[in-house]
Structures are given as structure tokens and as C-alpha cells.
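Hi,

Here is the structure I promised to pass on.

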Amino acid sequence: MLGKLFKYELRSGALPVPFMLLALGIVYLLGLLADALKISQMKTTMAVALVLIGVAALVLGMIYVVSRCAKGLYGAEGYLMQTLPVSRGKMITVKVICGYLVLLMSGVVFVAALAGFFFLNDLQDMLQQFADAWKDMLIPMLLYMLGSVGTQLLAMLGALYLSVALANTRVMQRNNVLMAIVFYFVCSTVISLVELAAVLLLPFGVIFSGEGVSVTLTPMVVSLFESGLPGQVESINEIYGMPIGLGNLLADVLMGVGMLIGARWVMEHKASIK
């Protein structure tokens with residue numbers, strides 16, 4: 001049953017994303033052709049089209065996630081879902097996993113679109129300068145950024161599902177769209193504040209430097225005051241040697257999972273289906 005649910009979820013709106021990758025490839029090849037034929041106007045048009053496709057992929061990914069949460073659990077489709085021999089927790093889990101995958105694929109399309117834009121406009125030197133600036137630290141920093149994005153996606157999905165669940169309680173259901181936006185804003189604000197506190201105060205982080213990556217157990221806020229506040233840093237080398245807290249990664253995971261558990265409880269005990 002879970003396998004069928006996964007297939008149904010992905011077929012319910014995720015199919016455009018792979019086709020966008022195909023469209024991205026076609027547009028990029030047309031851009032290369034225009035470059036070879038020295039048709040600058042066509043080349044510029046293809047470069048802009050790449051960016052538009054990337055943005056469209058992100059927008060469609062978000063629309064998919066929101067619609068599958070709202071309509072799939074609390075709309076007309078929700079009646080059918082309730083008759084299936086699957087717990088509400090598993091329903092939410094399937095939708096979250098599919099939504100997570102779709103958002104990741106949308107992100108891949110967006111990054112590929114930006115890369116195509118840079119290469120069509122002969123801006124590779126900018127990318128090379130960025131890589132040279134970080135040298136051996138480029139890959140560790142990219143891994144840190146990818147990890148941050150991955151955990152933030154989980155926290156965002158948790159906030160979305162909890163907000164929609166709260167907005168579909170009997171008291172809020174009359175204005176459920178407006179209340180979902182309000183609850184999501186509140187949840188996002190809480191997540192941001194907890195992330196900031198965790199990254200500054202939790203005694204766990206890493207230091208990126210020319211000698212490699214090292215682990216530190218000193219809270220980031222302590223190191224900031226010891227080395228001087230960001231406005232007092234005189235050399236970029238001082239920035240490279242400053243610790244970066246990893247508490248935000250743990251905070252995002254815990255808050256994301258906690259909000260999803262809360263969404264399941266609200267759905268089981270308080271929420272109503274239209």
C-alpha cells in the first residue's frame with residue numbers, strides 16, 4: 001500500500017520537474033548553437049530562458065508541496081485517503097518524503113539553469129575566482145551548505161504541515177487559507193530564532209581554514225567575541241578561521257520532526273475535512 005501511495009503522490013504533480021530538465025537541456029543546446037552561429041540576440045534569449053525555467057521549477061515544486069498537503073489531506077481527496085488502511089502518520093510521511101524529493105529535484109533544475117546561464121554568457125571566470133578563493137575549502141563548504149539546505153527543507157515542510165493542520169481545525173476552517181499563512185509565518189519565525197540561537201550557543205561547530213576542516217566545541221558566540229565582532233574583523237583570513245556552528249542543523253531536524261508529529265496529532269484529534 002505504501003508503494004502505491006508513493007507512486008500516486010509522485011504522479012499527482014511531480015512529473016513536470018523531469019520534463020523541465022529536458023527543456024533545460026534543449027534550451028542550453030540552442031544557446032550553444034546560437035553562440036556558434038554568432039547570433040547574439042538568440043543566445044541572450046536562451047540564457048534568460050534558462051533562468052526562467054529554473055525559477056519556474058522552484059515555483060512548481062512549492063505549488064506541488066502545498067497542494068498535496070492541503071488538498072490531499074484536508075480537501076475532497078482527504079475523504080478517500082481516510083478510507084485507506086494506512087495510518088495518518090504514514091500518510092503524512094509519504095507526502096513529506098515525496099515533497100522533499102520534488103523540492104530537491106526543483107533545486108537541481110534551478111542550479112543547472114544558473115550554471116547554463118553562466119556558461120552561455122562566458123562568465124566561467126567568476127566561478128573560477130570563487131573556487132580559487134576557497135581553494136581546498138570549497139568542497140567542505142559546499143557540503144556544509146547542502147546540509148543546511150537539506151535540514152531547512154525538512155523544517156520548512158514541518159512548518160507547512162503543522163500550519164495547514166492548525167488552519168483546518170473547526171475554529172479556523174472558515175478562513176483556513178488566511179490562517180494557514182499566519183501560522184506558517186509564526187512557525188517560520190520561531191524556526192529562524194531557534195536556528196540563530198542554536199548556531200550561536202550550542203558548543204559544536206567546524207572551522208574552515210587552509211589547513212583543513214577541524215571540529216570545535218567552543219560556542220560560536222564565544223569565538224565571535226574573542227576574535228572581535230564581524231564589523232571589527234580586519235582580514236578575510238580571520239573570517240576563514242572563525243568557527244561555524246552546526247547547531248542549526250540539529251535544530252532544523254528536531255523542529256521539523258517535532259512539527260510533523262504535531263501535525264499528525266492535530267490531524268487525528270482536531271482537524272476537519274472539507
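By class, how many nonpolar, polar and charged residues does the lining of the largest pocket have? The lining has 21 nonpolar, three polar and no charged residues. The classes work like this: Ala, Val, Leu, Ile, Met, Phe, Trp, Tyr, Cys and Pro count as nonpolar, Asp, Glu, Lys and Arg as charged, and the others, Gly among them, as polar.

Before the rest, the ground rules. This is a predicted model, in which local features need pLDDT of at least 70 and side-chain atom pairs count only at pLDDT 80 or more, while totals for chains, interfaces and linings use all residues. Residues are numbered from 1 along each chain as its sequence is written, and side-chain values use heavy atoms, with hydrogens and water left out.

**The chain overall**

The secondary structure comes to eleven helices and three strands. Both are DSSP runs numbered from the N terminus (helices are H or I with at least four residues, strands are E with at least two). Reading from the N terminus, the order is α-α-α-α-α-α-α-α-β-β-α-α-β-α. Of the 274 residues, 38% count as buried; that label means under 20% relative accessible area, with exposed being over 50% and partly exposed in between (1.4 Å probe, protein chains only). The accessible surface of the chain is about 15500 Å², and carbon and sulfur atoms own 72% of that. Those areas come from the Shrake-Rupley method with a 1.4 Å probe, and for residues only the protein chains shown count as cover. As for contacts (heavy atoms within 4.5 Å), residues 24 or more positions apart account for 76% of those with a separation of 6 or more.

**Pockets**

Back to the largest pocket, which holds about 990 Å³ of space. The search runs on a 1 Å grid over the protein atoms alone, and a pocket is an open set of points with protein on both sides within 12 Å along at least five of seven lines, whereas a cavity is a set where a 1.4 Å probe fits but cannot get out; lining residues have an atom within 4 Å of a point. Grid points are joined across faces, edges and corners, and a volume is the space filled by probe spheres set on the points.

There are 24 lining residues here, and G107, V111, L142, M145 and L146 lie nearest the centre. At least two lining residues come from each of α3 (40-74), α5 (88-120), α6 (124-134) and α7 (138-167), with α5 giving the most, eleven residues.

The second largest pocket has a volume of about 330 Å³. Its lining has 16 residues, with V66, A70, V164, V177 and A180 nearest the centre. Two or more of the lining residues come from each of α3, α7 and α8 (176-201), and α8 gives the most, with five. This lining divides into ten nonpolar, four polar and two charged residues.

**Individual residues**

S148 sits in helix α7 and is buried, at 9% relative accessible area. Leaving out residues up to four places away in sequence, S148 touches N248 and L249. N248 belongs to helix α11 (residues 247-269) and counts as buried because its relative accessibility is 8%.

M20 is in helix α2 (residues 16-36), and its 14% relative accessibility makes it buried. M20 and S106 are 86 residues apart in sequence, with 8.9 Å between their C-alpha atoms.

K38 is in the loop between α2 and α3. Its phi is near 60°, a positive value in a residue other than glycine. Most residues other than glycine have a negative phi. K38 counts as exposed, since its relative accessibility is 72%.

**Aromatics**

A search of the whole structure finds one aromatic pair. The rings of F117 and F118 have centres 6.3 Å apart and planes at 85°, so the pair is edge-to-face. For the cut-offs, rings of Phe, Tyr and Trp (its six-membered ring) pair if their centres lie within 6.5 Å, and planes under 30 degrees apart count as stacked, over 60 as edge-to-face and the rest as tilted. F117 is partly exposed at 26% relative accessible area, and F118 is partly exposed at 21%.

Cheers
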